Amino acid sequence: MLCDCSTPASAPATRWVMGVVLVVGIAWTGSLSAQSAVAAPLLAGVAKVDISNYDAGPVDGPLFVRALVLKKDDTTAVLLTLDVVAIGEIGYVTNDYLPTVRERLEKEFGIAPANVLANASHCHGVPCANVDEKTVEAVRLAAENLVPVRVGAGAGHEDRIMENRRLKMKSGREIDVRHAYSLPPDDEVAEVGPIDPQIGILRLDREDGRTLAIVYNFACHPIQGVPSGANTADITGFASQVIEDNLSEGTVALFLQGCGGDINPVFYKDVGHPRSAEPLGNMLGLSTLKAVRAIECRDDERFVVLSETLTLPRGDREERIAQLEAEQRRRLQSLGGTSLNFKTFVPLYVKYGVSREFPSYYSHGYLHEDALGRGDLRKLDAENRRNMQAYIKNIHTMEELTRLQTNLRLLRKHQAELIASGKRTIDVELMGLRIGEFVLITFPGELTVRIGLNIKERSPHAQTFVAGYTNGYIYYAPTAEQLLNVGGAQEDSDCILAPEWQQIFEDKAADLLGKL
């Protein structure tokens with residue numbers, strides 16, 4: 001059912017709401033056949049509401065808040081997915097968003113705050129100012145249309161649309177691929193990190209077999225943009241649209257961002273083609289659909305919601321900042337003079353690239369001078385090559401300084417926040433969720449891909465998935481090994497955690513998985 005909306009007439013259809021029944025249990029034991037004879041049905045309802053900011057300019061791929069409400073007996077839980085950069089701290093959604101929404105949902109629907117899961121896709125689109133109101137509206141529409149469902153879980157595969165953005169250098173350092181600074185020379189790069197091609201999928205079907213909702217989890221920064229530069233939900237927005245358009249009428253596809261902290265769209269630095277998220281989103285959507293169609297739904301009453309607070313150590317970067325500042329000064333002092341400027345360097349560089357042996361004149365001129373014993377052209381070439389090498393060395397130094405300066409700003413910012421907080425730890429909210437065979441662990445930071453792979457490997461459940469960017473935002477959460485590289489890449493510089501955080505979190509995740 002398509003509901004009326006208050007957005008401009010030019011906006012796309014904005015609110016979809018359908019319902020389903022799921023069986024939710026805080027604890028589940030015994031066989032499905034024994035449970036189904038006595039258990040109350042698991043109910044579910046879904047809705048989506050447009051949160052695009054149409055005053056911010058054209059929209060190509062609208063932003064949505066999507067809500068899945070799950071209910072069994074007296075227990076209700078809500079899964080929210082938002083096409084925003086983060087749930088608080090950065091971007092347009094403020095830190096009071098989640099407390100406000102939880103308070104409203106508890107007051108109006110009796111939903112416990114600990115049972116509300118809010119995940120940001122991490123797209124860099126511009127949402128409207130009243131995302132909290134739109135969120136409550138989406139939950140209301142979903143809660144008013146609960147119906148019975150059958151549950152299925154599975155996994156798809158997509159490895160064509162993303163790449164690990166951390167480059168391992170021959171020197172042992174790591175550098176990341178960003179538009180904020182240039183890449184190092186190709187001959188200095190040794191290898192790249194892993195990706196996670198798995199698409200985690202929860203499928204909810206009505207009792208008559210029509211699909212109500214698809215929840216899908218995948219790891220990739222949706223930051224490709226569109227050729228026009230318009231406001232967009234990016235890759236995952238297009239993927240969700242493909243899924244919704246190709247399943248039962250009214251199906252809502254909820255994207256859960258995974259461990260995409262160090263995962264970029266493929267060919268992220270390509271300058272030969274317009275940046276376009278839609279083809280990548282189409283591929284992700286089609287790969288998800290392929291897997292969805294192989295998933296069989298059945299009656300499954302298992303529904304478990306766990307919420308815990310975990311205390312993690314914060315990192316003190318004072319010593320590292322001093323080291324990087326010394327490195328900054330050293331590199332500045334290494335810049336040397338050269339006879340060339342940009343105007344004279346470019347034609348020389350082209351000319352010496354076209355003809356390495358005879359760049360300054362035709363070959364016969366060189367041979368003529370050689371016969372006379374002069375060698376003036378060869379002396380000119382030697383001087384020009386020295387000047388070009390000096391100029392290129394300065395360019396590479398300035399590129400290094402740009403990377404260093406950009407990451408130093410992040411380190412100084414977080415160090416100042418550490419001092420101001422007066423605390424050496426930070427409390428984070430974790431959730432564990434089980435719906436049938438679908439098992440999910442959440443974290444409020446930008447987990448790098450290795451963290452998710454580790455958790456999946458340790459899990460006793462076949463269909464285990466991990467969602468970062470959930471219920472808050474604490475910046476990047478790289479591995480302990482990646483934190484040995486502080487100052488070299490964004491993931492280890494835009495981070496407030498000490499290296500010990502990884503083991504603490506992975507152990508707690510394993511503990512939660514054991515309870516699901």
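Arg403 is buried in this structure, with a relative accessible area of 4%, and the structure itself is a predicted model. The residue has its place in helix H9, and, once its neighbours within four places in sequence are left aside, Arg403 is in contact with Ile175, Tyr181, Ser182, Leu183 and Pro184. With a relative accessible area of 4%, Arg403 falls under the 20% that marks a buried residue, and it is therefore counted as buried although Arg is classed as charged.

Helix H9 spans residues 376–421 and packs against helix H8 (residues 363–372) at an angle of about 115°, the two axes lying 8 Å apart. On the H8 side the contact is made by Gly365, Tyr366, Glu369 and Asp370, which meet Asp376, Leu377, Arg378 and Asp381 in H9. The residues of this contact divide into two nonpolar, one polar and five charged.

A second sheet, also open, is formed by four strands in the order E16-E17-E18-E20, and here the pairing is mixed. Its edges are strand E16 (303–313) and strand E20 (464–467), each pairing on one side only, while neighbouring strands of the sheet are turned against each other by 20° on average, direction ignored. Strand E16 and strand E17 (residues 425–435) pair in the antiparallel sense over 11 bridges, and Pro313 stands opposite Thr425 in E17. Helix H12 (residues 501–515) lies across E16, E17, strand E18 (438–442) and E20, and it runs at about 160° to E16.

The cysteines deserve a separate look. How many disulfides does the structure hold? The structure holds zero disulfides, and for Cys259 the distances show why: the closest cysteine sulfur, in Cys220, is 13 Å from the sulfur of Cys259, which is too far for a bond, given that a disulfide requires sulfur atoms within 2.5 Å. Cys259 counts as buried at 5% relative accessibility, and Cys297 is likewise buried, with a relative accessible area of 14%.

These local features belong to a protein chain whose secondary structure comes to 12 helices and 21 strands, and whose C-alpha trace spans about 105 × 50 × 45 Å along its principal axes. Of the 516 residues in the chain, 56% are buried, and the chain exposes about 21,900 Å², of which carbon and sulfur atoms supply 52%.

Conventions. Residues are numbered from 1 along each chain as its sequence is written. This is a predicted model: local features need pLDDT of at least 70, side-chain atom pairs count only at pLDDT 80 or more; totals for chains, interfaces and linings use all residues. Side-chain values use heavy atoms; hydrogens and water are left out. Two strands pair if DSSP finds at least two bridges between them. Helices (H or I, at least four residues) and strands (E, at least two) are DSSP runs, numbered from the N terminus. Axes are lines fitted to C-alpha atoms, for helices over the stretch in contact, and angles run from 0 to 180 degrees between N-to-C directions. Contact means heavy atoms within 4.5 Å. Buried means under 20% relative accessible area, exposed over 50%, partly exposed in between (1.4 Å probe, protein chains only). Accessible areas come from the Shrake-Rupley method with a 1.4 Å probe; for residues, only the protein chains shown count as cover.
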